[in-house]
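I opened the notebook to record what I looked up, one topic per entry.

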Amino acid sequence: MPSKKFYLKLALVLALAVVLSLAASAQNFDALKARIKTHTLGNGMKFIVFERHDAPVVSFHVYADVGGANESYGITGISHVLEHMAFKGTKTVGTKDYAAEAQVLAEIDAVYDELAREKAKPVPDAQRVAELKAKFDTLEATAKEYVANNEYFDMMMREGDQGVNAYTSNDATQYINSLPSNKLEFWFAMTSDRFLNPVFREFFKERDVVMEERRLGLETRPTGKLFEDFTATAFKAHPYRHGVIGHMSDLRNLTRKDVETYFKTFYGPSNLTVGIVGDVKPEEVFKLAELYFERIPSGPKPAGVRTEEPEQWGERRVAVQAKAQPYLFVGYHVPDTRHKDSRAIEALANILGQGRSSHLYTSLVKTKKIAVAAQSGSGFPGDKFANLVVVMCVPAAGKTSAECLAAIEEEIERIKKESVTEEELTKFKRGTIKGLYGQMTDNGNMASLLTYADVVLGGFDKAFEQVEAIKAVTADDVKRVAATYLVVKNRTIGEIVPEK
Amino acid sequence: MIQTRIKTKVIAGVVLLALVAVAGFAQKGPKDKIAFGPLNPIKIPKVETATLSNGLRLFLVEDPEYPTIDVWAWVRAGSVFEPADKAGLAGITGQVLRTGGTAAKTGDEIDKELETLAARVETYIGQTNGALSVSCLKEDIDKSLAILADILMNPAFRQDKIDLAKLQARTGIVRRNDDIGQITNREFRKLIYGKHGVYARHTEYATIDAIGRDDIVAFYKTYFHPNNAWMAVWGDFKAKDMIAKIKAALGKWPKGQASTAPWPTVPYQDKFTVNFIDKPDVNQSNVMLGHIGGYMNNPDYPALSIMNFILSFERMFKKLRTDEGLAYSVWGSYGAGYINPGVFSCGIQTKSQSTVYAIDLMLKELKRITEQEVTDEELAKAKDGYLNGYVFEFDSRSQIVNRMMMYAYFGYPLDFSAKIKMGVEKVSKADVLRVAKKYLRPDKVQILVVGKKEDFDKPLSTLGEVNVIDIDIPPAKK
């Protein structure tokens, strides 16, 4: 049996190693920061470049500072629909004859509006509806003749683009490409045209595609339904309350004009930040940026989201009844990621429920055997605005959500009372730094990180500087944020209740 | 004559340079010709190889960008080798090898030790491979390797963690019909590989109950030997030092009997079938249709991969998604495995009301690609896309070394991806038609539909005689 002294020694060695590693990390991050160059055009569009010449490839990340949180009633889901429409081409890409096509598109919009007005009447004229519908279909077929199907995809993929895609979240809409690095100018030509001259063609069919996406990801999946209702319950005012995919009735009624207006509001150059990482030279990138993007007229930065989530007055609960096994979400309101408590909140979420040695896994899975998975995280459903720390739990066969909730509460109370250990803090700090390295290994992920840090944290360098704040978190901080935020009055419980 | 020519060339060169320089400052439209400069050379990093005296094969790449080290090793094992009445044995062995701890430490102690270091050591057994992995900050490599070695040489397979793994497996069974996508994938594989086929079968309460600690220990002992493993290592180290470290940690791992059991083959009978699973609580059908696929070392594989792109994107995506708005996700692809036959499948998720319409359209596209040549444009786009994107196979060192390790594991040539590229360069329209005719059988597909039949546009019986599949979970013995 090793003596107590041995363990003390071991702890000392361990602590020393940690100190060494964290000092080394600071050096690494400073060196990385120095390799990053930025340039902001006269119209406000910002470019961030990180050179990496290991392989002759380059990744692009266009971060549009608009997402589900910018939407209001009636147009939920529009950020994501716009993201889909951004693949439909421009006045030169995706069309065989834009002038002729534009006329038909205008006619389609007019007939669609007329049809919508007729349908909205207390008693719609069935014959009129049928006529308009027939006219609409004929015009759609005519418009289709001018379309070069998926030409944007064709052109990008043909040049070797391996990651042509985009994502919409509650906070942002992000467009990604990866090309062989000698095709830098091709990307500029394509992308500047994409954001200067977009044409939202094939809109109504794409709306159908998005509705299928909603059925796929949400309506046919009990956990998808829970996700939607849990968020809608936790937030009563802030637009995080509606999902990125939007409500079905909003999707069904969106118009091309809605999307055009939304684009004009949110896709001005001052609302776009571009990360470019790979085998490129910053001077050349900035020259091309000026040549291609300076021509986009500047506009005002769109107004921010007004609505803030007010203080919660008592616990909220929601149930989704489904032909499925139980599932439990527990969420607590916390401030946005720029708040001074946020690193401590991340530490709390990590120590509470990330990894096999975390409180939740140890108690619920290993010891009590009432769950097969139990974890927690912060930044749900986004982190630009005040958000949630969420505990997600999958009860074991034959066990209930109620049993799991009691065990979760027990672990939270334990942290409030006993605080956390130095080892647990070390786990969080080292794990976060190692995670950063992992993210920075990939060109695309690095480009994503830099744009996120610049827009949401307020500077690309914050991606590295937050390491200092992470290192500064103490056990008392974690205990304090647990006591402040993880309280019953501030929580929402969502569960799947099995139905026969 | 020659001299003049050279001169002209020089002048032409100068003019060209001037043009390029000017062009460099002239804005181009997306469809204007842009002169691409030569691509900077692909720097393929040196992959060091070594074999320890106990037979462990190493592939190493130095990658000093960040102070981390990763190890990823494959062990020749897999659930295809477990007895049918103990389905789940391989997965549980792979899990408890790590969680069950070692003679000296419990799994929980190892969890804590590793997580405090921000290191990971994991073990796993899948269908056709076992895997070991280490990921750590470079200063922790000795400790992490020591833990890996302890796990490999002195695993304890403690009963409490066996019980936990079995509880997790049972929970997986009770939840397996909650998600329509999971149902569709699982049941389609059973249609193709056979209900009890090794590539499709799954756990039941009875098979989990039948697994004992002895089975687990025996399964581990049969497969986990250094001479039955291939290991890729990358990160911030000097290859020579790293080999020495691995030797110090794993050199004493005793040699055993290398596994030579052949990978199971699949008997397959071509047939047309229509299969249905009732899911009354959904508003969207999940559809898969297809038949058995093939192997990647088939000389026709490059032509098949070009055909796959055209069928999936040019045909299925452009027609069913873009033109018709029928789905978010739709595909058609001839799957090929390294050592087991893949699955040829077309799939879509579409609202209940367009179920049969979508199936008809997919079958039409499938038939078309076996009857008519693709267009010059379709072929050119598919080949250019593949060849221009080929550089991405070398965009990270971890990818390069892992691919090499995987090829070695499956007994493929280490430059297999280069061979595929050479094959793709030669693919013609005639080749695409030839392989489509040879490998796709549109009239002999097995169709699976999961959904709410009351809402279908037409009854499935319009496609053929419908076989209803029962997915009720056989209850556990009390």
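The entries below go through chain B and then a sheet in chain A.

Entry 1, the model. I noted before anything else that this is a predicted model.

I looked up the helices and strands, and chain B has 15 helices and 14 strands. Along the principal axes, the C-alpha atoms of chain B fill a box of roughly 85 × 65 × 40 Å. Chain B has 478 residues, and buried residues make up 44% of them.

I checked the domain assignment, which gives domain 1 as 48-250 and domain 2 as 273-468 in chain B. The centres of domain 1 and domain 2 of chain B, taken over C-alpha atoms, are separated by 31 Å. To their contact, domain 1 of chain B gives 22 residues and domain 2 of chain B gives 26 residues.

Which elements of chain B each supply at least two residues of the side of domain 1 that touches domain 2? I found β2 (57-62), β3 (68-75), α6 (180-193) and β6 (229-235) of chain B. The largest share of that side, 8 residues, comes from α6(B). Sorted by class, the side of domain 1 of chain B that touches domain 2 of chain B has 14 nonpolar, 4 polar and 4 charged residues.

I traced an open sheet of 6 strands in chain A, with the order β1-β2-β6-β3-β5-β4 and mixed pairing. Why is one side of β1 and of β4 in chain A left without a neighbour in the sheet? Both β1 (36-40) and β4 (165-168) of chain A stand at the edges with a single partner strand each, so one side of each has no neighbour there. The twist from one strand to the next averages 15°.

A:His39 has A:Phe47 in β2(A) as its bridge partner. I also looked at the turn: β1(A) and β2(A) form a hairpin with 5 residues between them, and A:Gly44 in this turn has a positive phi of about 100°.

How values were computed:
Residues are numbered from 1 along each chain as its sequence is written. Chains are lettered from A and ligands numbered from 1 in the order in which they are written. This is a predicted model: local features need pLDDT of at least 70, side-chain atom pairs count only at pLDDT 80 or more; totals for chains, interfaces and linings use all residues. Domain bounds come from an automatic or database domain assignment. Two residues are in contact if their C-beta atoms, placed from the backbone, lie within 7 Å. Helices (H or I, at least four residues) and strands (E, at least two) are DSSP runs, numbered from the N terminus. Ala, Val, Leu, Ile, Met, Phe, Trp, Tyr, Cys and Pro count as nonpolar, Asp, Glu, Lys and Arg as charged, and the others, Gly among them, as polar. Two strands pair if DSSP finds at least two bridges between them. Axes are lines fitted to C-alpha atoms, for helices over the stretch in contact, and angles run from 0 to 180 degrees between N-to-C directions. A residue is buried if 20 or more other C-beta atoms lie within 10 Å of its own, exposed if 12 or fewer, and partly exposed in between; C-beta atoms are placed from the backbone.
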